[in-house]
Amino acid sequence: MDFSLLSPQNTNKDYMTLPDEAINDLSLQFIVEALTEKRSEQPHLLSMLKQVPNDPEVIRYRHDIFEDFLRFPELREAMSELVARLIDLRDLERFQKDTDASALWSLINRLREIDDYIACITMIKDTLTGLDVTSDGMLSLREIVTNIAEESGFDALKADIDEMMEKAQRLQSITIGVNLDKLLRPESAGIITLNKDDLQHGTDLGKNRKFHPANPVSLGSAGLSSVAMNAATAEVHIETSSITGKDPLSNAIRKQVTDIMRKTCDDIKRTIKRHVNIKGYSLISLMPEILFYIRWAELTEKIQATGMPLCKPEILPCEKRDCSFKDVYNLKLAINKARGESINIIANDFDFSDEHRIYILTGPNRGGKTIFTQAIGIAMLMAQWGLYVPASEAAVSPCDNIYTHFPADENDTVDLGRLGEESKRLSEIFGIATRYSLLLLNESLATTSVAEGVFIAKDVVKSMRYLGTRAIFNTHMHDLATSVDELNEAVEGDSRAESLVTGVHDGERSFKVSIAPPQGVSYAADIAKKYGVTFEQIKQGIDEKHPH
């Protein structure tokens, strides 16, 4: 069955793979850990987040499915139970490998698994039938599980299982004999009689089987079944695994039980083989996809509960290369707020358009430049993942990839030096980026002298304009921001550069961004005045303490 909740049938499933740098710089691991505390789920979710669709049809398909999960908590609850059950059914194909050596217990477990599978299909069918789902994906899933139930003859299958389970459960008891050694210690054991209502009562199986040595020693290992004997009391203790249901005594007698119940075993095998190829086992492949929607819907609700907006974005044609957000903010801040931190999150309006696709972002230290740059990258990803985005309104032309250039770890710059390493990475980005890409540069080229940094940075911005890409370049190089008109005139292109600043009002950092010329030393003057470190303020303090 070729069905997925991540992309409609007959569409392009070639997703963009995020570069490792973008995965790190946009904090995907932090986001995954916010989605789930279960370590077993985190690798699957991270793997899915690395693969980003840019086909508008695929993205809209996902958005609609996500809305169904978000609107119906009962859908998420049923799907969570479905995932838990499907995890136990991944080994169903082993049915066909059953041999004559299969024990009665294994066959009964197979029957129970098929019974669970019937319950899975029935549960999801009933859930989807009872909800007003509207997405193409969930409507298709409802049709699929309905057809599986009808075409697989669930009524007959359920009747067969009930009959086989009833036969197997006729076994009432087993009588075991224990042989002693010369010191009257238990040495071996065997079945004397197997008592079953349709077998000859008291059937003598005629032989014993050793199941532990005479010496007192545990025969198991940590977490598994074991048999141990206390030498002083001659007591034998059998530990049974709660996971496998096996213990050494059962292993010792399983062949006798299987032999004596040969007919029942053969009947169970025939029942299994008759139904083993029923449709629908491929639903197991939906487990990580279902988990993806459940966890994101849960996180979305938590963030909405803090009062922060999230919205379904409009998906624009890729060719437009546009993007607009109203009240956009960094998802990471909202996650921390949902965890109980007292955070005043500042939202901003922002857009890429024909008027300005390249922004040179300046502002003071700790003024929010990195947080804002990261916020745009995460919002773009969430839009393309098929989720609500952290904004009150959004319209996005999908990008074909996101390339980030954040400060490198010192250990990565030993061979080339910091400037050489940064230049090499920039060159690699331009070697693969296209006009449909998004470039996010964070304090790039800041480790060299200002003159050298501005010289290289100007060429980088001109290259962005020539390529036609969307970009945010946050920097302390105010001279670069003051040169935007010069850079726009120097190179032809349809991606214009613009100066963007983080605002400071009356000495307070507002973290608001706006299109404006760089503020230069005015930032420092405001901050100096706020904390009383202007010359006039310091002089006044000295004069007051030490009057002449």
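Student: What is the strand order in the open sheet of four strands?

Tutor: The order is 8-12-9-10, and the pairing is mixed. This is a predicted model: local features need pLDDT of at least 70, side-chain atom pairs need 80 or more, and totals for chains, interfaces and linings use all residues. Residues are numbered from 1 along each chain as its sequence is written, and side-chain values use heavy atoms, without hydrogens or water.

Student: What makes strand 8 and strand 10 edge strands?

Tutor: Each of them pairs on one side only. Two strands pair if DSSP finds at least two bridges between them. Strands themselves are DSSP runs of E, at least two residues, and helices are runs of H or I, at least four, numbered from the N terminus.

Student: How do you know that strand 9 and strand 10 pair?

Tutor: Count the bridges. Strand 9 (residues 323–328) and strand 10 share four bridges in the antiparallel sense. The rule asks for at least two, so they pair. S324, for one, has D351 in strand 10 as its bridge partner. In general, strands of a sheet pair through backbone hydrogen bonds, either parallel or antiparallel.

Student: Which helix packs on the sheet?

Tutor: Helix 13 does, touching strand 8, strand 9, strand 10 and strand 12 (393–396). Contact means heavy atoms within 4.5 Å. The direction of helix 13 makes about 115 degrees with that of strand 9.

Student: What links K369 and E443?

Tutor: Their side chains form a salt bridge, 3.6 Å from N to O. The cut-off is 4 Å between a side-chain nitrogen of Lys or Arg and a carboxyl oxygen of Asp or Glu, so 3.6 Å qualifies. K369 sits in helix 13 (residues 369–385) and E443 in the loop between strand 14 (438–442) and helix 15 (450–467), so the pair ties together parts 74 residues apart in sequence. Both K369 and E443 are buried.

Student: What makes D64 and K312 a salt bridge?

Tutor: Their N to O distance is 2.8 Å. D64 is in helix 4 (residues 56–71), and K312 is in the loop between helix 11 (287–305) and strand 8 (314–315), 248 residues apart.

Student: Is D64 called buried, exposed or partly exposed, and why?

Tutor: Buried means under 20% relative accessible area, exposed over 50%, and partly exposed in between, with a 1.4 Å probe and protein chains only. D64 has 29%, so it is partly exposed. K312 has 34%, so K312 is partly exposed too.

Student: Why are helix 4 and helix 7 given the orientation they have?

Tutor: Helix 4 and helix 7 (residues 136–151) pack at about 70 degrees, with axes 7 Å apart. Axes are lines fitted to C-alpha atoms over the stretch in contact, and angles run from 0 to 180 degrees between N-to-C directions. Under 35 degrees is roughly parallel, over 145 roughly antiparallel, 65 to 115 roughly perpendicular, and the rest oblique. These two are therefore roughly perpendicular. Y61, I65, D68 and F69 of helix 4 meet D136, G137 and M138 of helix 7.
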